[in-house]
2 protein chains.
Amino acid sequence: MDMKFQPIGREAITELLRVHGITPTSQRVKIAGILFAERAHFCAEQVYARVNEDDAEVSKATVYNTLGLFVAKGLVRQVFVEPGKVFYDSNAHPHHHFYDTGSGELTDIDALGVALHELPPLPADTELDSVDVIVRIRQRQPKIRPA
Amino acid sequence: MDMKFQPIGREAITELLRVHGITPTSQRVKIAGILFAERAHFCAEQVYARVNEDDAEVSKATVYNTLGLFVAKGLVRQVFVEPGKVFYDSNAHPHHHFYDTGSGELTDIDALGVALHELPPLPADTELDSVDVIVRIRQRQPKIRPA
DNA sequence: GTTAGACTTAGAACAATTCTAAGTCTATAA
DNA sequence: TTATAGACTTAGAATTGTTCTAAGTCTAAC
Ligand SMILES: [Mn+2]
Ligand SMILES: [Mn+2]
Ligand SMILES: [Zn+2]
Ligand SMILES: [Zn+2]
């Protein structure tokens, strides 16, 4: 249940991709570099913006292809909290999230491990894939006096 | 934690809407009739199809407006399990879901009440909105023999 | 009956994502 | 080395789900 996070050097990224059976093309290394530079939650749009912020160009299609590939290979995890936008989570380990409905910010929740306890039995002939817990929070209102 | 569900007659729907501060137009009554005829998880598209399956016409805009209104008024709840499609849940009470990643089917999980237990404290100056638990499941594979 | 505001509508617009079809690169094998 | 097959990338078109717009219709209050 290691929730510590250390950023990864460029050399190590190449190796990480290889280990996961991913051919480390320049685009993929660049994208992985962004994802794993910090523990963060990016949408595809943000990755696309970051990866192209200097000069070099990586196409939108490649950003989506690569993110999809990373998900398939278990390097990265998708989080669904709102309609019409997927977040890519560079922490692929099982964990949960606070979601600030005002700001849209996602924050990791460490090793909860609780949700599973009192779950009803799974439907027949099914097996567990994952358990996602989203705790929606909002900025506390200043007390409202009745008029 | 009443998880029993009884369908509602047309007269009662009108009243239900009124009670929630919603003017019961014919379109709204019709849509509510679909939503509350059974405990189910519809996407907007399905509601649109159902509401227009006889002859009468309700526009797509009205379907979206109405679903949005029902959500705002707490009659109905949105569930996000996949990118690019919102489910509208006619069970607005707090509860959780199994999501079959193969078939896309959503199933209610009764009164779990557990996830809250060991939650870390909320971030400063925030208050709880809701806790969503999605248990992703998949059809069990027949045992795979190594080749 | 009038009228103001609420409601509905068709269709355009939009945002996120996927697809297409054509190039480019890369890994391996002559 | 070079040839080649397949993997990869690309621009832009297409698709999907949803929201917006602007114009009409209904309704409730006077
Ligand atoms: Mn984002
Ligand atoms: Mn649906
Ligand atoms: Zn996370
Ligand atoms: Zn439900």
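**Close-up views of a predicted two-chain model**

**Figure 1. Strand β4 of chain A beside β6(A).** Strand β4 (residues 96-100) of chain A pairs with β6(A) in the parallel sense over 4 bridges. Two strands are said to pair if DSSP finds at least two bridges between them, and strands (E, at least two residues) and helices (H or I, at least four residues) are DSSP runs numbered from the N terminus. Within β6(A), R136(A) is the bridge partner of Y99(A). The structure is a predicted model, in which local features need pLDDT of at least 70 and side-chain atom pairs count only at pLDDT 80 or more, whereas totals for chains, interfaces and linings use all residues. Residues are numbered from 1 along each chain as its sequence is written, chains are lettered from A and ligands numbered from 1 in the order in which they are written, and side-chain values use heavy atoms, with hydrogens and water left out.

**Figure 2. The strands β6 of the two chains.** β6(A) and strand β6 (residues 126-139) of chain B pair in the antiparallel sense over 13 bridges. Opposite E127(A) stands R138(B) in β6(B), and the bridge partner of L128(A) in β6(B) is I137(B). In a regular strand the side chains alternate between the two faces of the sheet.

**Figure 3. The contact of chain A and chain B.** Chain A gives 35 residues to the contact and chain B gives 35 residues, where contact means heavy atoms within 4.5 Å. The area buried between the two chains is about 3,400 Å², and carbon and sulfur atoms give 61% of this area. Buried area is the accessible area (1.4 Å probe) that two parts lose on being put together, summed over both. Of the area that chain A buries against chain B, E127(A), R136(A) and R138(A) supply 19%, more than any other three residues.

Figure 4. The rule finds 6 salt bridges across the interface of chain A and chain B; a salt bridge is a side-chain nitrogen of Lys or Arg within 4 Å of a carboxyl oxygen of Asp or Glu. One of them joins D129(A) and R138(B), whose closest N and O atoms are 3.4 Å apart. On the side of chain A that touches chain B, the elements that give two or more residues are β2 (77-82) and β6 (126-139) of chain A. β6(A) gives the most to this side, with 14 residues.

**Figure 5. A salt bridge within chain A.** The side chains of D108(A) and R39(A) form a salt bridge (3.4 Å, N to O). This pair links distant parts of the chain, 69 residues apart: D108(A) lies in strand β5 (residues 106-109) of chain A, and R39(A) lies in the loop between α2 (26-36) and β1 (41-43) of chain A. Over all chains, the count by this rule comes to 13 salt bridges.

**Figure 6. D125 in each chain.** D125(A) has a positive phi of about 60°, although it is not a glycine. D125(A) is placed in the loop between β5 and β6 of chain A. D125(B), also a residue other than glycine, has a positive phi near 60°, and D125(B) is placed in the loop between β5 (106-109) and β6 of chain B.
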